[in-house]
Amino acid sequence: MMYTLLNTAKLNGLDPESYLCHVLTTIANHPINSIDELLLWNVSLDTAAAA
């Protein structure tokens, strides 16, 4: 599962480490009804890099 997640991040032009860091630091305070904002294809390069 992790292999798929990391390779999907690469295919979407994201750094896998930055993406995971962004999601893990954001998910606790993120509203459940907008969790789709944290999906790989909805995260911008700037957002993931800022994490």
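L38 touches Y19, H22, V23, T26, I27, H30 and V43 when residues up to four places away in sequence are not counted; contact here means heavy atoms within 4.5 Å. The model is predicted, so that local features need pLDDT of at least 70 and side-chain atom pairs count only at pLDDT 80 or more, while totals for chains, interfaces and linings use all residues. Residues are numbered from 1 along each chain as its sequence is written, and side-chain values use heavy atoms, with hydrogens and water left out.

L38 lies in the loop between α2 (16-26) and α3 (45-50). Helices (H or I, at least four residues) and strands (E, at least two) are DSSP runs, numbered from the N terminus. L38 counts as buried because its relative accessibility is 6%; buried means under 20% relative accessible area, exposed means over 50%, and partly exposed lies in between (1.4 Å probe, protein chains only). T26 counts as partly exposed, at 22% relative accessibility. T26 and L38 are twelve residues apart in sequence, and their C-alpha atoms are 8.5 Å apart in space. Between L38 and L20, which are 18 residues apart in sequence, the C-alpha to C-alpha distance is 10.0 Å.

Helix α2 has the buried residues P16, S18, Y19, H22 and V23. Seen down the axis of α2, these residues fall within an arc of 165°, so they line one face of the helix; the arc is that of the directions from the helix axis to the C-beta atoms. An α-helix has 3.6 residues a turn, so residues three or four places apart point the same way. The exposed residues E17, L24 and T25 are carried on the face of α2 turned away from its buried side.

L20 also belongs to helix α2 and is partly exposed, with a relative accessible area of 22%. Leaving aside neighbours within four places in sequence, L20 is in contact with M2, L5 and L6. The C-alpha atoms of L20 and L5 are separated by 9.3 Å, the two residues being 15 residues apart along the chain.

The loop between α1 (2-11) and α2 contains G13, which counts as partly exposed at 44% relative accessibility. G13 and W41 are 28 residues apart in sequence, with a C-alpha to C-alpha distance of 9.3 Å.

The surface was also examined. I27, I32 and I35 form a nonpolar patch there, with about 290 Å² of accessible area together. Patches are made of residues with over 30% relative accessible area and no salt bridge, like charges being joined within 9 Å and nonpolar side chains (Val, Leu, Ile, Met, Phe, Trp, Tyr) within 5 Å. A salt bridge is a side-chain nitrogen of Lys or Arg within 4 Å of a carboxyl oxygen of Asp or Glu. Within this patch, I32 is located in the loop between α2 and α3 and counts as exposed, at 71% relative accessibility.

For the protein as a whole, there are three helices and zero strands, and the elements run α-α-α from the N terminus on. Of its 51 residues, 25% count as buried. Among contacts with a separation of 6 or more, 50% are between residues 24 or more positions apart. The protein exposes about 3,700 Å², of which carbon and sulfur atoms supply 62%; accessible areas come from the Shrake-Rupley method with a 1.4 Å probe, and for residues only the protein chains shown count as cover.
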